[in-house]
Amino acid sequence: MLPKVIVYAYLRNLYSSRKTEQALNENIHFMWPSGQNKPDHNTVNNFRGKRLQGHLKKFFHQVVLLLVEQGVISLKDIYVDGTKIEANANRYTFVWGKSIKTSKERIKKTAERTLVLCRKSL
């Protein structure tokens, strides 16, 4: 039950065990995968920290592969967080031409490496 709750909390950008506990008490979307069990924040944190130590990355990898097999997501699209995009209004206040070029090259290399890793895992 706790792995389901932790994965769903991470998908909802809840990384705090206290906020996860609050969601388990208030949010019907959290009550369903937990079977209306209401573990406290210490239980969630201990499970995540001790039991899943070193296994969480493999677990998320399996979840992604399951979603790909079921057709929920596609590995063709790559999303990069934290990308800063230049606005048309004031072109050179934030990003200069050279940094735009290096950012594009870095994103392209990262995308190529990610595709290679995805192909190897399939």
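Biologist: What does the secondary structure of the chain come to?

Modeller: In this predicted model, the chain has six helices and zero strands. Read from the N terminus on, the elements run α-α-α-α-α-α. Of the 122 residues, 20% count as buried. Among contacts with a separation of 6 or more, 56% are between residues 24 or more positions apart.

Biologist: What makes helix 1 largely enclosed by the rest of the structure?

Modeller: Seven of its ten residues are buried, so helix 1 is largely enclosed. To count as buried, a residue must have under 20% relative accessible area.

Biologist: Why is helix 1 called roughly perpendicular to helix 5?

Modeller: Helix 1 (residues 2-11) and helix 5 (residues 56-69) pack at an angle of about 75°, and their axes are 12 Å apart. Angles of 65 to 115 degrees count as roughly perpendicular, so helix 1 is given that term relative to helix 5. Helix 1 makes the contact with Pro3, Val7 and Tyr10, and helix 5 makes it with Leu56, Phe59 and Phe60. By class, this contact has six nonpolar, no polar and no charged residues.

Biologist: Why are helix 2 and helix 4 called oblique to each other?

Modeller: Helix 2 (residues 17-26) and helix 4 pack at an angle of about 125°, with axes 8 Å apart. Roughly perpendicular ends at 115 degrees and roughly antiparallel begins over 145, so an angle in the gap counts as oblique. The pair is therefore oblique. The crossing of helix 2 and helix 4 is right-handed.

Biologist: Which residues make the contact of helix 2 and helix 4?

Modeller: Helix 2 contributes Ser17, Arg18, Thr20 and Glu21, while helix 4 contributes His41, Val44, Asn45 and Arg48. By class, there are one nonpolar, four polar and three charged residues in this contact.

Biologist: How do you know whether His41 is buried or exposed?

Modeller: The relative accessible area of His41 is 16%. The cut-off for buried is under 20%, so His41 is buried. Its place is in helix 4 (residues 41-51). Leaving out residues up to four places away in sequence, His41 touches Ser17, Arg18 and Glu21.

Biologist: What makes the pairing of the side chains of His41 and Arg18 a polar contact?

Modeller: The two side chains are 3.4 Å apart in this contact. A polar contact needs a pair of N or O atoms within 3.5 Å, one able to donate a hydrogen and the other to accept it. The pair of His41 and Arg18 is therefore listed as a polar contact.

Biologist: How do you know whether Thr20 is buried or exposed?

Modeller: Thr20 has a relative accessible area of 2%. Thr20 is in helix 2. Residues up to four places away in sequence aside, Thr20 touches Val5, Ala9, Leu14 and Val44.

Biologist: Why is Ile73 called partly exposed?

Modeller: Its relative accessibility is 35%. Buried means under 20% and exposed means over 50%, with partly exposed in between, so Ile73 counts as partly exposed. Ile73 is found in the loop between helix 5 and helix 6 (97-121). Not counting residues up to four places away in sequence, Ile73 touches Val64, Leu67 and Val68.

Biologist: How do you know whether Asn13 is buried or exposed?

Modeller: Asn13 has a relative accessible area of 57%. Exposed means over 50%, so Asn13 is exposed. Asn13 lies in the loop between helix 1 and helix 2. Its phi is near 60°, a positive value in a residue other than glycine.

Biologist: Where is Gln36, and is Gln36 buried or exposed?

Modeller: Gln36 is in the loop between helix 3 and helix 4. Its relative accessible area is 56%. With the cut-off for exposed at over 50%, Gln36 is exposed. Gln36 has a positive phi of about 60° although it is not a glycine.

Terms used: Residues numbered from 1 in each chain as written. Predicted model: local features only at pLDDT ≥ 70, side-chain atom pairs only at ≥ 80, totals over all residues. Heavy atoms only, no water. Helix = DSSP H or I, 4+ residues; strand = E, 2+ residues; numbered from the N terminus. Buried < 20%, exposed > 50% of the residue type's maximum accessible area, 1.4 Å probe, protein only. Contact = heavy atoms within 4.5 Å. Axes fitted to C-alpha atoms, helices over the stretch in contact; angles between N-to-C directions. Parallel < 35°, antiparallel > 145°, perpendicular 65-115°, else oblique. Left-handed = near helix turned anticlockwise from the far one by under 90°. Nonpolar A, V, L, I, M, F, W, Y, C, P; charged D, E, K, R; others polar.
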